[in-house]
Amino acid sequence: QQRVVIIGAGIVGVNVADELVQRGWKNITVVEQGPLHLPGGSTSHAPGLVFQINASKTMTTFAKYTVEKLLSIEKDGQRCFNQVGGLEVATTPERMDELKRKHGYASSWGIEANLISAGACLKIYPALNKDLVLGGLHIPSDGLALAARATQLLIERTREAGVRYLPSTPVTGIERSNGQVTSVETPNGTVPADLIISCAGFWGVEIGAMVGLQVPLLPLAHQYAKTTALPGLKGRTLNNNINGMNAELPILRHQDQDLYYREHGDQYGIGYYGHRPMPVNPATLGLTPKHVDEKSMPSRLNFTPKDFETAWTESQKLLPALKDTHIADGFNGIFSFTPDGGPIVGRAPNLEGFYVAEAVWVTHSAGVARAMAELLTTGRSETDLAECEITRFEEIQLSSAYVNETSQQNFVEIYDIIHPLEPKQSPRHLRISPFNVRQKELGAYFLEVGGWERPFWYEANAELLRYLPASWKPVERDAWSAKHYSPISAAEAWKTRNAVAMYDMTSFHRFEVSGPGACHLLQRLTTSDVATKPGSITYTLLLDEQGGIRSDIFVSRLDEDAYQIGANTAIDFAYLNRQAKFQCKQSPSKWVQVREITGSTCCIGLWGPRSRDVITTVSTDDFSNKGLPYFQVKKAHISGIPVTAFRKSYVGELGWEIQTSAEYGLRLWDVIMQVGKLHGIVAAGRAAFNALRLEKGYRTCGADMTTEHTPYEAGVTSAIETSKKDDFVGKAALQRLSKQPARRLRSLTIDDGTSMILGKEPVFYNGKAVGYITTAAFSFTVGAPIAYAWLPSSVCEGTNVEVEYFGRRIPATVIPNPLYDPQNSRQLD
Ligand code: FAD
């Protein structure tokens, strides 16, 4: 039995202990620097509002489980969750629209929520100002977590099951040997450990630093205040005031003013995110004192009334009865913020046996803990962790400057209405491809991902709209779907299908896998036989042990001992790198190394029926079908520039991905552009790219399919080599899994041919929500918006369904895919 040490007895740490106990694990020690009855972290003062609905399916799943679990924890009549419901009100039309979208997420992720009128809001919540509220979203299963109580009950329950707690014991160091944790150091001696899970909340950065791990979170103070008693509420009998749960009205959000509310008996509690960000350096907080009480704990700083002035004025506007009260008590409470708002969960990439579960709200605590326990006991979480993975960040995103700026921005924007494509305003221009200077000259509209500036379209192509054939004319879009969109992308798509276009593919991850064990590693991890001849490209999958799709990658064999991988995220790199290190340790003769080459190289996708005319003008190498067949790679020269040409295309047209090292990039762009002009070339952006890849039937891993899906469900079985002799991760599971799954990734078209959708909307069949959209775009081949959707297998091709967009049901039809060139003749040309 492995010896487990959990650092921190907040709501996350004790939940992890409990989830492990439930899975039969023993030998667990929880080390906590504070006293156990009130450890003094964020949990010790959390007001505990649990609003479950989130744009992220993963986070909503975590919240849903937390509610279920807290409802089930009870001892001697003591309960931990007061299911008063949640009400989010809109005081602006924009917020009302946002609530409509949120209602869509609720239906997509399986939570009951009701869009209600202003009158209905007042019925549920009579204290609201009727002149201010336009409507609301009511979620009956939301409520109040009594986080401190839940923590105590879980400590009791896990202690009875044998978990050892070491209170008032700070972890001061972590001992390692041979790349593996061995124990934690404390002033009272060391505690041996095979597995360490850091659940240290906003102290996580300090614990990470003990093992050289950058944990990208920033502690920030957030204001919470309690009013004096409301005269109208004094002495009332609460219907469900079980054990002082002290509230009967729904928890309330007034996001237009960055505010939230709960009742504390006859007082109100008010939380505020509208003040200036107040970052805190946890090192300045000192060690947790022996004595901690409600008013005095390390995570609680003095209230700064000036920062609360607007909150107080706006609160009195929304809830006029507050005018008869004043602020009785307030504090600036500390908790964690991250660059993208997600938690930090998973296995450290640099150290075996070290795990992290931090920057987690009470709302998601039990869900995250369950995922962590699943990861530890079975090697995978049932819920997809891509949005939480500690390894999801690019190197540049781990710098403290980046974490500081973006986490503070995240605090500022926490209740803002954010478009799914909304880029960060700052920091920008962190990573630019060598083509950037030319892209700017062409009026590129840049959006940002992973620090990369990526053109979505080029204003220079606007004049093409005049020549666009009638069937390619883009449809009018509503204001939301028109954000970060331009009809110019239609012209770029048209050029790609009918002439030739060049796409900047630099930001796609590229890794080099080399060494005598390279083939063995990739054979062990992928679903295809990659022991192919040098020069071949394979589209394949990385699965987990249960057959869930970790990622889809392109494996190009460049040489006997050298492969190049085209991958999706930094998570893929961390996974391959860890597996490579493991292999080197296990069998030194099968030595292998994985190297990130994304930034040192650049890549142009040269695609379209006239792409061969262009490439043969600038190169004397053989780019014929025979000289470089489909899914083959070779070294070549373009106007003297050494390149690697990959015969593949994401958009479904003839062409190549042409890669060179960064220093040649600009020249490569210029040479291709200059010659390409004779053949009608344009630079094209990601908006066109996304529409073309979707109608061609290519999936985007992470959006269309995740670890929660199997290849049979996602329809990517062509990436599995059934006759492959070697064992690979997920092979046994594939043999077990049903080839007739209960759900499938399907394609849809919108019947009216014009109503755009963006992704994550619920899909209804016979009036019932049965699935959800993953990604969507306008297809010019079909002349209508198209999308992928997860649906029950019974909702088969030809079925009429409806998609909810802004509360409106839009008729759609399930159709076969791919929609474009199913025979693949365009690429084989
Ligand atoms: P913590 O509760 O901070 O636990 C971490 C523990 O690790 C601490 O007890 C600490 O003492 C211990 N520790 C740290 N370093 C060491 C060490 N070196 N050795 C030993 N032990 C160590 N969330 C919601 O979901 N809903 C809300 O309404 C809500 N409101 C909030 C309002 C305020 C004012 C604040 C500040 C936060 C709020 N949150 C809310 C956030 C929520 O409180 C936290 O995200 C959550 O409690 C974090 O739990 P945790 O277990 O990760 O961290």
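This is a predicted model: local features need pLDDT of at least 70, side-chain atom pairs count only at pLDDT 80 or more; totals for chains, interfaces and linings use all residues.
**Exercise 1. Describe the largest cavity and its lining.**

Solution. 
- Step 1: Count the cavities. There are 4 of 30 Å³ or more.
- Step 2: Take the volume. The largest cavity holds about 150 Å³ of space.
- Step 3: List the lining. It has 16 residues, and Arg510, Gln564, Gly566, Lys648 and Glu657 lie nearest the centre.
- Step 4: Find the strands. At least two lining residues come from each of β28 (509-514), β30 (549-559), β31 (562-567) and β36 (655-661).
- Step 5: Sort by class. The lining has 8 nonpolar, 5 polar and 3 charged residues.

**Exercise 2. Which residues have the most contacts inside the largest nonpolar core, and which elements supply it?**

Solution. 
- Step 1: Nonpolar side chains in soluble globular proteins tend to be buried together.
- Step 2: Read the core. It has 46 residues, and Ile6, Val16, Leu20, Tyr165 and Ile197 have the most contacts inside it.
- Step 3: Trace the elements. Those that each supply at least two residues of this core include β1 (4-7), α1 (11-22), β2 (28-31) and α8 (365-378).
- Step 4: Pick the main giver. Helix α8 gives the most to this core, with 7 residues.
- Step 5: Zoom in on Leu20. Beyond its neighbours within four places in sequence, Leu20 touches Val4, Trp25, Ile28, Ile197, Ala373, Leu376 and Thr377.

**Exercise 3. Decide how many residues of helix α12 are buried, and find what covers them.**

Solution. 
- Step 1: Apply the cut-off. Buried means under 20% relative accessible area.
- Step 2: Count. In α12 (residues 518-525), 7 of the 8 residues are buried.
- Step 3: Name them. They are Ala518, Cys519, Leu521, Leu522, Gln523, Arg524 and Leu525.
- Step 4: Look around the helix. The cover for these buried residues includes β28, β29 (537-543), β30, β31, α13 (570-586) and β32 (593-596).

**Exercise 4. Describe the second largest pocket.**

Solution. 
- Step 1: Take the volume. This pocket has about 780 Å³ of space.
- Step 2: Go to the centre. Of 29 lining residues, Arg347, Glu352, Arg578, Gln579 and Phe582 are the closest to it.
- Step 3: Find the helices. Both α8 and α13 supply at least two residues of the lining. The largest share, 6 residues, comes from α13.
- Step 4: Sort by class. The lining divides into 10 nonpolar, 8 polar and 11 charged residues.

Key. Residues are numbered from 1 along each chain as its sequence is written. Side-chain values use heavy atoms; hydrogens and water are left out. On a 1 Å grid over the protein atoms alone, a cavity is a set of points where a 1.4 Å probe fits but cannot get out, and a pocket is an open set with protein on both sides within 12 Å along at least five of seven lines; lining residues have an atom within 4 Å of a point. Grid points are joined across faces, edges and corners, and a volume is the space filled by probe spheres set on the points. Helices (H or I, at least four residues) and strands (E, at least two) are DSSP runs, numbered from the N terminus. Ala, Val, Leu, Ile, Met, Phe, Trp, Tyr, Cys and Pro count as nonpolar, Asp, Glu, Lys and Arg as charged, and the others, Gly among them, as polar. A nonpolar core is a set of buried Ala, Val, Leu, Ile, Met, Phe, Trp, Tyr and Cys residues joined through side-chain atoms within 4.5 Å. Buried means under 20% relative accessible area, exposed over 50%, partly exposed in between (1.4 Å probe, protein chains only). Contact means heavy atoms within 4.5 Å.
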